[in-house]
Amino acid sequence: MGKRVYLSYLLDEDSVVWPGEPTVRIEQDTCIEKNGYNSFKTTLPNHHGTHMDGPYHFNPDGPRLMELPMEYFCFDRVVAVDVPKGPGEGIDPADLKPWEDDIRRADLLLLKTGLCKIRDTQPQVYEAQGVFLSPEVCQYLVETFPDLKVIGLDFLSVGTPANQLSKRAHRILFGCHNGKYIPAIEDMDLRPLFETRMPLKSVIVAPLRLGKVDSSQVTVIGEFGE
């Protein structure tokens with residue numbers, strides 16, 4: 001058995017979020033001293049923290065997250081590619097073409113831009129000037145890789161508040177272009193991938209199983225192989 005690591009962030013009230021959106025709110029409901037036991041109430045916006053966007057997020061005809069089959073949550077053909085980007089920079093098809101043969105074999109593609117390294121130290125930059133997927137690269141992904149199920153991003157979102165491309169990119173990626181959809185795990189913690197040369201053997205994505213929502217928080221666990 002290889003080393004296992006979390007590839008998702010701890011949910012916290014002070015975590016980063018798309019500007020203007022709420023974060024998780026955690027309140028203690030009972031305490032041992034007064035009630036004999038501890039319990040808490042949680043208010044959790046479904047796009048805060050590491051979460052997986054289902055196609056229904058932008059595609060009215062696409063499935064909600066919990067309508068996706070199990071192969072969208074369990075992966076043993078994982079490819080992680082280095083696409084170094086700084087704040088406000090986009091990922092285009094040219095960034096992925098050198099990896100095309102590898103991506104064709106993947107069911108999960110992880111994009112390592114390195115922006116995850118500033119999430120804790122420069123949260124306002126991470127939120128407001130994130131890396132983004134261009135509409136062109138979204139079209140390239142859905143047209144070129146029929147076996148690719150999901151992508152994972154080490155930045156806040158498919159889009160960024162710094163430009164107006166987010167809606168178009170999301171719509172293409174989630175099936176409005178040619179019917180092929182690729183759900184996205186946003187705000188992933190890919191820092192462990194920068195600390196080793198071992199490949200990921202498998203990844204499990206465990207969603208919060210809410211029936212009506214488009215998307216949900218996920219706990220992501222990766223296992224490194226030799």
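Guide: What follows takes the salt bridges pair by pair. The model is a predicted one, in which local features need pLDDT of at least 70 and side-chain atom pairs count only at pLDDT 80 or more, while totals for chains, interfaces and linings use all residues. Residues are numbered from 1 along each chain as its sequence is written, and side-chain values use heavy atoms, with hydrogens and water left out.

A search of the whole structure finds 11 salt bridges, the term meaning a side-chain nitrogen of Lys or Arg within 4 Å of a carboxyl oxygen of Asp or Glu. One of them joins E100 to R104, at 3.3 Å from N to O; both residues lie in helix α3 (residues 100–104), four residues apart, which is about one turn of the helix. Helices here are DSSP runs (H or I, at least four residues), as strands are (E, at least two), numbered from the N terminus. An α-helix has 3.6 residues a turn, so residues three or four places apart point the same way. With a relative accessible area of 19%, E100 is buried, whereas R104, at 41%, is partly exposed (buried is under 20%, exposed over 50%, partly exposed in between, with a 1.4 Å probe and protein chains only).

D120 and R191 form another salt bridge, their closest N and O atoms being 3.1 Å apart. This pair links distant parts of the chain, 71 residues apart, with D120 in the loop between β8 (108–112) and α4 (123–128) and R191 in the loop between β11 (184–186) and β12 (200–207). D120 is exposed at 54%, and R191 is partly exposed at 28%. Elsewhere, salt bridges that share partners join R4, K201 and E223 into one network.
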